[in-house]
Amino acid sequence: MADVPRNLPPLSLHVPEPKFRPGDAVDFAAVEVPPAGAQPRPDTAADPASFHDLSYTLVRVLDDEGNAVGPWNPRLDPDTLRTMLRDMALVRAFDERMFRAQRQGKTSFYMKCTGEEAVAIAATHALSRDDMCFPSYRQQGILIARNYSLVQMMNQIYSNSGDVLQGKQLPIMYSSRDDGFFSISGNLTTQYPQAVGWAMASAAKGDTRIAATWCGEGSTAEGDFHSAMTFATVYKAPVIFNVVNNQWAISSFSGFAGAEATTFSARAIGYGMAGLRIDGNDALAVYAATQWAAERARTNQGPTLIEHFTYRAEGHSTSDDPTQYRSAGEPSAWPLGDPVARLKAHLIAIGEWDEERHAAQDREVAELVKASQKEAEKNGILGHGLHQPLDSLFDGVFEEMPWHLREQRQQMLDEEEASGRPWARKA
Amino acid sequence: MSDVIETAATGEAGETVRMNMIQAINSAMAVMMERDPNVIVMGEDVGYFGGVFRATAGLQEKFGKTRVFDTPITECGIIGVAIGMGAYGLRPVPEIQFADYIYPALDQLVSEAARLRYRSAGQFTAPLTVRSPFGGGIFGGQTHSQSPEGIFTHVSGVKTVIPSTPYDAKGLLIASIEDNDPVIFFEPKRIYNGPFNGHWDRPAENWSKHPGGAVPEGYYRIELGKAAIVRPGNALTILAYGTMVHVAKATVEEMGIDAEIIDLRTLVPLDIETIEESVKKTGRCMVVHEATRTGGFGAELSALVQERCFYHLEAPVERVTGFDTPYPHSLEWAYFPGPVRIGQALKKLLKD
């Protein structure tokens, strides 16, 4: 063994630091934005090793003038484009209204998806209605795109008497089996291996349905992410992994998930999986990438990882204040623009839309949300009255209630009785 | 073995033959895979090879690779994938090769499987049965010997089942697989091949002469939440499960003590009625488990007995457990709650 050498330089620990903090002027010139239409579209049967380049660029369809260009252009008919635009406008209006409802004390919590509406909505339109989605907490667009009832969503947010989840879950942790929407956990990336399991089951049964799942770039660091990637590759599971790289995980910038070293799409390369890095604010790129990945999945070519490069334009949640840790100039300086404005510009560019119709649509969705809210609030808001039967607290722990839960339920009812039933009085 | 006769009467149980616990567990899975095309088996080394303990031997050959397969070495992935399969409509029976390896899957078990029914108001369920060999007495060292049942009994929404004989193992495993809630099925590996009297230095026994080694070849189930009185008696009540049922039984018989021994079989849900009835009869209670002491399931049992039978107790409840140390290798038999530790506790419990 060699002697321990002397005179070595001291080691230093690298702790990542985002480029801009509160008060800093923002310049995103370092963010590489390749021209739209420049990226090749491989055959869906191509070997993933033949298109590693697509993990280090951005697949883009919409150019700065609103034209859809290049081989990834999904060539959607105007009706589909208008539906996607309306869904995005609707989810934005919904977010605005529900954020305000939380601020008004009508519920405990809300999360907006402002700036990343395309990621969920365009992807959902590219999937089949019966494909199974395993979302994280910022893909309310899936439900909107599948025409789920706004009133039902609000009932869940208010945990009121109309809430199909019986007030058991934190606001926005929706679940709708009939709409192919898996119960949202809140623990990060647990849905990834679950989506793989669902997809493996579908394949094992000779079904035709595929699974899609979403997580944030920050939570790619979870072990579940890597477990899921391994399982999916090993069994060629028909699943689409979406990594929504919106740059921020609460206050931690993407560097804390490894973005200083490489892209998130590049995670696919180590697994031998197909990977795409796309402009997540370009609804047509999201649609095209999802359609391509779905075709791969449906033809037993296996999983695809899609990194949606986007930006979280607002706080993490109603409990977060992004002005405390990032520059206020970031959202407006983001070089990939606003997904709603970009799809709108495209529809106008092809002569299928105009400013008047857009303004009218904004009014229409705002009215719809307002009317839905009025309807939902008839079922109550959080903290005002008892919306679920008290003893329902114990329902659903098990299929059948064991003795120890029956005893605890009785204890709770006795406590209520002894306390003069304050909750019941409020109701 | 009155259960055998009762279930055999349905005609589905078939011929009764001698099996060890591995064979009984294998038979339970084979029977269920035959009956329900949605039952699938997966885990590390469970496929072609048939499992490191041979519990899944022959299943892949019989049911094919899409129903019995090897998995990557990621327990988090195994359980997460099983939950997704359950959401699809399958009834997965994942194996975690040793209970000591279950911790990477804790989040998926505790935050996901156990709560899925509740958080989705019944839209989704996780009908998994997680099989895992547990417990020591095989010179497995700290990573092949642990008894982590107390971690799971502390979680709402998951059932914990531990058999002590081949007959029970098969009937309980079938009931677990048929259950629509997640079940942790811990298999006491020390007694896979035969009962254990706690005397590690005496020749090993096998199941060929034990009544619990008589196992019907077909379908039968033992309801979860039902304990078994394996030895009736009047001097005191011993609450045990898994390997410790046999150690306790051998010890009281060697000492000539008329103990009533209750094999809990299911820790959650617990058969409180059988426990209460027995303790109220005997007035004394000892709880035995191999797991570490502090915060163990024995503490829960002791508290329940104290709450429900206090005025019938003639002595404090005795807890006999493993020590609060990692499971040692060379000093395994000093750690193990064997006949000496049980014997001393018995004397203490019976002294007045």
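The model is predicted, and local features need pLDDT of at least 70, side-chain atom pairs count only at pLDDT 80 or more, while totals for chains, interfaces and linings use all residues. Residues are numbered from 1 along each chain as its sequence is written, chains are lettered from A in the order in which they are written, and side-chain values use heavy atoms, without hydrogens and water.

In chain B, helix α2 (residues 21-35) and helix α8 (residues 166-178) have axes that come within 8 Å and cross at roughly 30°. Axes are lines fitted to C-alpha atoms, for helices over the stretch in contact, with angles from 0 to 180 degrees between N-to-C directions; helices are DSSP runs of H or I with at least four residues, strands runs of E with at least two, numbered from the N terminus. The angle therefore makes α2(B) roughly parallel to α8(B) (under 35 degrees). Among the α2(B) residues that meet α8(B) are B:Ile25 and B:Met32, and the α8(B) side includes B:Leu173 and B:Ile177; contact means heavy atoms within 4.5 Å.

In chain A, five strands form an open, parallel sheet in the order β1-β2-β3-β7-β6. Its edge strands, β1 (132-134) and β6 (274-279), each pair on one side only; strands pair if DSSP finds at least two bridges between them. β6(A) and β7(A) (residues 304-309) pair in the parallel sense over six bridges, and A:Arg277 stands opposite A:Glu307 in β7(A). Helix α6 (residues 223-234) of chain A lies across β2, β3 and β7 of chain A, at about 150° to β3(A).

Definitions and conventions. Angles under 35 degrees count as roughly parallel, over 145 as roughly antiparallel, 65 to 115 as roughly perpendicular and the rest as oblique.
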